[in-house]
Amino acid sequence: MGVYAFTPQDVDPLMEGLAIMGTGGGGAPAWGHAIMAHEFAVGRQPCIIDLEEIDDEATVVCGGIMGSVKILEALGPERIMAHWEEECFELLEVTRVMEHILGRKVDHMVPFEVGGLNTPVVLSLGARMGIPILDGDGLGRSAPETQMTSFIGHGVSLTPMPLLDFQGNVVIVDQAEDPTYPDQVGRWVVTHGGGLGANNHYPMTGRKAKEAVIPNTVSGALKLGRQVLAARAEGRDPVQAVATALDGALLFNGEVVAMAESESMGFYFTLATLAGDGAFAGQEAELTIKNETMLLAVNGEVQAIFPDLVLILEPGTARGIMSVEVEVGTPLALVGLPCHPRLRRSALSETGARAFSPSRYGQPELEYQPIESLVEALR
C-alpha cells in the first residue's frame, strides 16, 4: 500500500469501522467526523503508511488525548476545533516535548487504539506534522488504561511519558516500577488540569514497531466500514457481515434489562444484564464494561475475557454502540473474536499479566482464557 491519503469519501466508512472495533470506547465517531472534516477544510492531508514501509531506524511514538467525555461534549466539536487551531493543539505540543526528551524528531506516530475519536485525532496530528501515521495501533481495539497495549509486552517502555493538560501544565513520568503507575498519574494530571489534556509515550524504533504494532487496523477499519455499508444497502444482515469479515461469532442478541455500577479494589465498572431474544430467547448475559467491554458471561458461563474482543453492535445496522449509550432498554448484538496474536502475547507476558489483570475491572480471581477455548463456534 505504501502511503494512503484519505479522501472525504473515506470518512463515513472509516468512522463506521472504527466505532465497531472500538468495543464500546475509543470516542464517539461524531468527533471523528468533525476532526476529519476540519482537516480537509483547512487543506491538510491525513495519511497512513504501511508498517513494513517505514525505516528500521525511524523514531516512532504513540500518544493521544486524555480527559473527560463530559467536558468534551460540553465544549462541543466547534469550540474544540477552534481551540486546537487557534490556541493550542495539546497533542502536538506534548509530542514536541517528547522530541525534546528524545533529542530527535519524531518520524511516525502510531495511534494508541482504534476508535471513532482517538484514531482521527492522531491522523490530525500526523497531518499537522506533515508525517503519515502508521497503519496500525497498540491494541486492534480500544482499552481503558495506558498500559494495556501490545507494546508493553514486546519490550517497549511506556515511559518517558510527558503529559500536557488543558491549562498548559507539563508533567513527565520519567520511569515507573509498576506498569499501571503512569496511567494513574495521567488521570490525576488531567483531572486537576481542566479535565482535558494529551500524552505521548512508547518511544520505539521502526524495527521495534514492526514487531509490536498491531498492523493494518486503520485500513482494516475502513474496509470493514465499507462492508457494513454495503450489507445495509444490499439488504443483507450487517451484524452477520461483521462477524464474517472478522472471523468472529455472534455471542448474544438481546435487550439490556438492568444496569449496575460496582466497585472492587478501587476500580469502578458497569455490569449490564441482558435478556436474550431470537435464537437466544430465555437466556441471560452479563457484560462487564470499563469504558470498553472487558468480560462477557452467558447463562453464568464466561464467553470472552479482555483483551479478546466483544463488539457492541446495534441489531439490524451493526452500528458500533458507545458504552455510554448503553442503558436499560438498549438492544444489543454482541460479536466476539480473538485479539491479535501480538496483543495476546503481550497480555500473557510477565509485565502484561499485571498490566491487563482482570483485577483492573473488578475480577481479581479471574484468569485469562482465550476466547477460542470458551466459544465452540470459534474453535
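Two strands are taken to pair if DSSP finds at least two bridges between them, and strands (E, at least two residues) and helices (H or I, at least four) are DSSP runs numbered from the N terminus. The model is predicted, so local features need pLDDT of at least 70 and side-chain atom pairs count only at pLDDT 80 or more, while totals for chains, interfaces and linings use all residues. Residues are numbered from 1 along each chain as its sequence is written, and side-chain values use heavy atoms, with hydrogens and water left out.

Strand S3 (residues 59-67) has two pairing partners among the strands described here. With strand S9 (residues 196-205) the pairing is antiparallel and extends over 8 bridges; within S9, Gly197 is the bridge partner of Met66. With strand S4 (residues 108-111) the pairing is parallel, over 4 bridges, and Gly63 has Pro111 of S4 as its bridge partner. S3 is mostly covered, 8 of its 9 residues being buried. Buried here denotes under 20% relative accessible area, exposed over 50%, and partly exposed the range in between (1.4 Å probe, protein chains only).

A separate description applies to an open sheet of 3 strands, in the order S1-S2-S5 and with mixed pairing. Its edge strands are S1 (3-5) and S5 (133-134), each of which pairs on one side only. S1 and S2 (residues 47-49) are joined in the antiparallel sense by 3 bridges, and Val3 has Ile49 of S2 as its bridge partner.

The search of the whole structure for aromatic pairs returned 5. The rings of Tyr4 and Phe6 have centres 5.4 Å apart and planes at 90 degrees, so this pair is edge-to-face. The criterion for Phe, Tyr and Trp (its six-membered ring) is that ring centres lie within 6.5 Å; planes under 30 degrees apart count as stacked, over 60 as edge-to-face and the rest as tilted. Tyr4 is partly exposed, at 26% relative accessible area, whereas Phe6 is buried, at 2%.

Helix H1 (residues 11-21) is mostly covered, with 10 of its 11 residues buried. Among these are Val11, Leu14, Glu16, Leu18 and Met21. The cover of the buried H1 residues includes helices H2 (29-41), H5 (118-129), H8 (217-233) and H9 (238-245), together with strand S16 (309-313). Just after H1, Thr23 adopts a positive phi of about 50 degrees. In helix H10 (residues 341-348), the buried residues are Arg342, Leu343, Arg344, Ser346 and Ala347. Their cover includes helix H7 (206-212), strand S10 (214-215), helix H11 (350-355) and helix H12 (371-374).

Asp183 lies in helix H6 (residues 181-191) and counts as buried at 2% relative accessibility. Leaving aside neighbours within four places in sequence, Asp183 is in contact (heavy atoms within 4.5 Å) with Pro144, Glu145, Thr146 and Gln147. Asp183 and Glu99 are separated by 84 residues in sequence and by 21 Å in space, C-alpha to C-alpha.
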